[in-house]
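Biologist: I'd like to go through this one with you, a few points at a time. Can you take my questions once it's up on the screen?

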Amino acid sequence: MANKFAALGAGTVTICLLFGAWYMIKTNNEKAQLRASEESAGDTIVDISQTDVSSLTFNIGEDAVTFVTEEDGWYMESDEDFPVNSTEISSLLSYFGPLKAVRTLEDVNEISEFGLDAPANVFLLKNSEGNETTITIGDNNEGTGDDYVMKDDETDVIYTISSSLRNAVGDDIYDYAVSEEIPSFSSDNIVGVIVKRDGDTYELQKGNEEWTVLGNDTELDQDDMEMAVSNLGYLSYTGYADYHCTDEKTYGFDSGKEITIIYEVIVANSAADGEDGTEDLSSVEQHTLTFRIGDTDPEGNYYVQQEDSEEVHTLSDSVLDNFLNLKLGE
């Protein structure tokens, strides 16, 4: 029995010694790697001028998209009619001129340890001569917040960079599209709202600081109306769904629902007159903004389309429901 215990004790000691040796080697390797990293911190991975780039490919979600530049600007390779926002492409390209490393890790054996075998994104930049540069983004280091990246097929050298490049990529292709604007006006300038809904049409009018329904004796809660109208004064799209929609059924615009906002704009004019040299000749113009209202998207926002536009965007349901669901008396 004593011999068994002695053998067991010797085996335990051997295991401990082996573990200790492994741990020392691992620690020394990590320290050496860290020293190498610190020595080469700030290395330039690539330095590419935007003017030298003829095409840029990267992933949006699971899909690869390619943008190509010509004399008259950028276009999307898979859809040349897509209204590319060149400013957004330029902003993304700015990360590569130059792209600097936070750390450089050399003599790497397994890129899978850094998530580069299943990359989060891959950027492919080409110049007019057909030369290519690839930047592959792997895992994010939770400790430092930096991303692991690889240049071209240089699998033995891995860099870390700020996560700003990864985060700069939009979630949707329409993040790279030119969008129409919503006219700017204050809720104080709104004097009327016309709503068409399910075969019913009503018109709200403001007079003497009170909101009323034209041709209807319904008494409106003025505080609720002021709140609902104030939201119209801060309209902004919640999403961009389509740049070229010509079939009204696609997004439910065949329902006939609409909202028209009537607002006033002060036009400033002046002319010489009298001792002070000017006379205020400002005038008030009345403008309208009409949205066709369709179905709701998965988040509950309404698809909308400005009158005479082919673009489809979304507006918050909390803004439109105040008017679509307003209860009126007979």
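**Salt bridges and other details**

Modeller: Let's start with a contact: E258 and K196 form a salt bridge, their closest N and O atoms being 3.8 Å apart. A salt bridge here is a side-chain nitrogen of Lys or Arg within 4 Å of a carboxyl oxygen of Asp or Glu. As for sources, this is a predicted model, where local features need pLDDT of at least 70, side-chain atom pairs count only at pLDDT 80 or more, and totals for chains, interfaces and linings use all residues. Residues are numbered from 1 along each chain as its sequence is written, and side-chain values use heavy atoms, with hydrogens and water left out.

Biologist: How many residues apart are E258 and K196?

Modeller: E258 sits in strand β15 (residues 257–267) and K196 in strand β11 (residues 190–197). Strands are DSSP runs of E with at least two residues, helices are runs of H or I with at least four, and both are numbered from the N terminus. The pair links distant parts of the chain, and the separation is 62 residues.

Biologist: K206 also has a salt bridge, so which residue is its partner, and in which helix does that partner lie?

Modeller: K206 lies in strand β12 (residues 200–207), and the pair ties together parts that are 20 residues apart in sequence. The closest N and O atoms are 3.5 Å apart. The partner is E226, in helix α4 (residues 222–232).

Biologist: Which residues of helix α5 are buried, and where on the helix do they fall?

Modeller: Buried means under 20% relative accessible area, exposed over 50%, and partly exposed in between (1.4 Å probe, protein chains only). In α5 (residues 317–324), V319, L320, F323 and L324 are buried. Seen down the helix axis, they fall within an arc of 120 degrees (taken from the directions from the axis to the C-beta atoms), so they line one face of α5.

Biologist: Is D308 buried or exposed?

Modeller: D308 is in the loop between β19 (302–306) and β20 (312–315). Its phi is near 65 degrees, a positive value in a residue other than glycine. Most residues other than glycine have a negative phi. With a relative accessibility of 81%, D308 is exposed.

Biologist: What kind of peptide bond joins G97 and P98?

Modeller: P98 is in the loop between α2 (86–93) and β5 (99–100). Most peptide bonds are trans. Here omega is about -5 degrees, and the bond is cis.
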